[in-house]
Amino acid sequence: MAKKKVITVVKIQIEAGKASPAPPVGTALGPHGIAIMDFVKAYNAKTEAQAGTVVPTEITIYEDRTFDFILKTPPTSTLIREKAGLQKAANNPGSEVAGNITEAQVEEIATIKMPDLNANDMAAAKLQVRGTARSMGITVS
């Protein structure tokens, strides 16, 4: 069987279990001619266990207007904000501290993010999480 020809890959971030044909899903997928409701039903079924978190999704659209999608791990910034108990990060990260997370929380976030990071080991993954926290104005103790 011949491989399907890929037209495009669309990346969007949607809250788990709450996809709808309205934007951003409809505006991202509509121009490519795929059945939006088929994607919405499949996405909501796959992510219902993660309800409440934002899940980045990579949708591969093929020439025959079929699609596949891959779920990624939640954004690091979202996980850090959850652990710190914040709604948003610092407005001025260099001179303002918005919150604090512990080393154990950094390791927990790095473990969750490890499949999507370009890190070779846990130490490198923790450094990436610490860097994201610093850029958000959140300290690690």
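Student: Which residues of helix α4 are buried?
Tutor: This is a predicted model. Helix α4 covers residues 103-113. Buried here means under 20% relative accessible area. In α4 the buried residues are V106, I109, A110 and K113.

Student: Within what arc do the buried residues of α4 fall, seen down the axis?
Tutor: Residues three or four places apart on an α-helix point the same way, because a turn takes 3.6 residues. The buried residues of α4 line one face of the helix, so the arc that holds them is 100 degrees.

Student: What do the buried residues of α4 pack against?
Tutor: Both helices and strands take part. The helices are α3 (76-84) and α5 (122-135). The strands are β4 (99-101) and β5 (138-140).

Student: How many residues of strand β2 are buried?
Tutor: Strand β2 spans residues 54-62. The strand is mostly covered. Of its 9 residues, the buried number is 7.

Student: How many bridges join β1 to β2?
Tutor: Strand β1 holds residues 6-15 and runs antiparallel to β2. One of the facing pairs is V9 with T60. The bridges between β1 and β2 number 9.

Student: Which residue of β3 does T60 stand opposite?
Tutor: Strand β3 (residues 67-71) runs antiparallel to β2, with 5 bridges between them. E58 stands opposite I70 in β3. For T60, the residue opposite in β3 is D68.

Student: Which residue takes a positive phi in the hairpin of β2 and β3?
Tutor: This hairpin has 4 residues between its strands. A phi near 65 degrees occurs in the hairpin, and the residue that takes it is R65.

Conventions
Residues are numbered from 1 along each chain as its sequence is written. This is a predicted model: local features need pLDDT of at least 70, side-chain atom pairs count only at pLDDT 80 or more; totals for chains, interfaces and linings use all residues. Side-chain values use heavy atoms; hydrogens and water are left out. Buried means under 20% relative accessible area, exposed over 50%, partly exposed in between (1.4 Å probe, protein chains only). Helices (H or I, at least four residues) and strands (E, at least two) are DSSP runs, numbered from the N terminus. Two strands pair if DSSP finds at least two bridges between them. The arc is that of the directions from the helix axis to the C-beta atoms. Contact means heavy atoms within 4.5 Å.
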